[in-house]
Structures are given as structure tokens and as C-alpha cells.
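Hi everyone, thanks for making the time today.

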Amino acid sequence: PLGALRARPDCAARAALTLSWDESNRGAFSVAQGWFSTAERQLEGEEESAVHGRVALTRAATAMLAEGNYPLAIANLDRAYELAGRFGDRDTQMLALVAKGRALVKSGEIEAGLQLLDEGTAAAVSGELEPYSTTLVYYMTITSCNDVGDLRRAAEWTEAANRWCDRLD
């Protein structure tokens, strides 16, 4: 599927990342890693761009979810946030912010993590992000609230998310 995109390495990398995320969501982690490696190879020698932020976000997700390596995840999330901000990719920027909040909560820095989760989720339910990104942000926030037993916060964000859903066509 990437043959037609070879002239545009950033587009080919973005397509490979999408395939990597899809395969990862199916539990096909080896296939996902193959597509992730393809994305990285497409970007070799290319100037930094928004897709580099998505690569860092994907690296962070692997470090956090597959390896439980929160310091490595946080370092990649900081890079993803910075690159996304520099190149105007608000979805990746807020996903990185919320994922960092989740990593901080999992690391025991609960208040700092919840603060980032609240900030990113406010952006998501205000309509700043694409629906897919908003859904991921909401999921990370509710999961983190559940982890620390903050049912009040979870209820407030659920109500805000319901209002967001009501505004969609």
C-alpha cells in the first residue's frame, strides 16, 4: 500500500503508522512493529515534521503499555508534544499531554498526572480535536481516574464527554 507514497516519505510514514496502530489494536504486535519500523525508515534523512511527533507518540505508547517503562515513555511524550506544537498538530500534542498524565499517574505522581489529564481532556471535549483523538483522550482520563479511585472526576468528565457527543452530527 505504500508504493504510491514513496515519493512522499512523510505521507508513507503516516500511512505506516496508521497501519501500525491498527495492528496493535488488533493485538498483532509483531505486525504493528513491522509497520512502525517502516515508518521510521521512511523518515530517515528527512527534516523534522509533524509525523516525527507521531513516531515519538507511538514509541511512548510502546514504552508505557508494553514495557511499563514510564521514564522512557515520558521522554518520548515530551518530544511528541514539542514536535506537535511546533508543527501545529493539536491532536498529537494533546494525546501526548494526556498520555504523559497517565504515565505520571502510573508512576505515582498522581496530582501532576491528573492536572495534565484535565488540561488535555478540556481541549478534547471543547471540540479542538478529531473524534478519534477525543475518544483516546477520554479513555486515558477515565482509566486514570478509575486507577486512583477518583470517581467524582470521572463523573465530571463523563458528563462533559456526553455533551461533546450530543454536539456531533
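G34 sits in helix α2, where helices are DSSP runs of H or I with at least four residues, strands are E runs of at least two, and both are numbered from the N terminus. With a relative accessible area of 36%, G34 is partly exposed; buried means under 20%, exposed means over 50%, and partly exposed is in between, using a 1.4 Å probe and protein chains only. From G34 to N76 there are 42 residues in sequence and 20 Å in space, C-alpha to C-alpha.

Before I go on, a word on where this comes from. This is a predicted model, in which local features need pLDDT of at least 70 and side-chain atom pairs count only at pLDDT 80 or more, while totals for chains, interfaces and linings use all residues. Residues are numbered from 1 along each chain as its sequence is written, and side-chain values use heavy atoms, with hydrogens and water left out.

Now to N76 itself. N76 belongs to helix α4 and is buried, at a relative accessible area of 10%. Setting aside residues up to four places away in sequence, N76 touches A56, R59 and A60, where contact means heavy atoms within 4.5 Å.

Next, a charged residue. Is E23 buried or exposed? E23 is buried, with a relative accessible area of 19%. E23 lies in helix α1, and, not counting residues up to four places away in sequence, E23 touches A28, V31, A32 and W35.

Let's turn to the pocket, which may be the part you care about. The largest pocket holds about 880 Å³ of space. For the record, the search runs on a 1 Å grid over the protein atoms alone: a cavity is a set of points where a 1.4 Å probe fits but cannot get out, a pocket is an open set with protein on both sides within 12 Å along at least five of seven lines, and lining residues have an atom within 4 Å of a point. Grid points are joined across faces, edges and corners, and the volume is the space filled by probe spheres set on the points.

Two or more lining residues come from each of α1 (9–25), α2 (29–43), α3 (50–66), α4 (70–87), α5 (90–106) and α7 (131–148). Which element gives the most to the lining? That is α3, with 10 residues. By class, the lining has 19 nonpolar, eight polar and three charged residues. Here Ala, Val, Leu, Ile, Met, Phe, Trp, Tyr, Cys and Pro count as nonpolar, Asp, Glu, Lys and Arg as charged, and the others, Gly among them, as polar.

On to the packing. The largest nonpolar core has 27 residues, and L57, M64, L77 and V137 touch the most other members. By nonpolar core I mean a set of buried Ala, Val, Leu, Ile, Met, Phe, Trp, Tyr and Cys residues joined through side-chain atoms within 4.5 Å. The elements giving two or more residues to this core are α3, α4, α5, α6 (110–125) and α7, and α5 supplies the largest share, nine residues. L77 touches L57, A60, A96, A99 and K100, if we skip residues up to four places away in sequence. There is also a second, separate core of eight residues, which includes A16, L17, A39 and L43.

Staying with α5, look at A103, which lies in that helix. A103 is buried, at 0% relative accessibility. Beyond its neighbours within four places in sequence, A103 is in contact with M64, Y70 and I74. A103 and N69 are 34 residues apart in sequence, yet 9.0 Å apart in space, C-alpha to C-alpha.

In helix α6 we find I110, which is partly exposed at 33% relative accessibility. Neighbours within four places aside, I110 is in contact with L104, V105 and V148. I110 and E128 are 18 residues apart in sequence and 25 Å apart in space, C-alpha to C-alpha.
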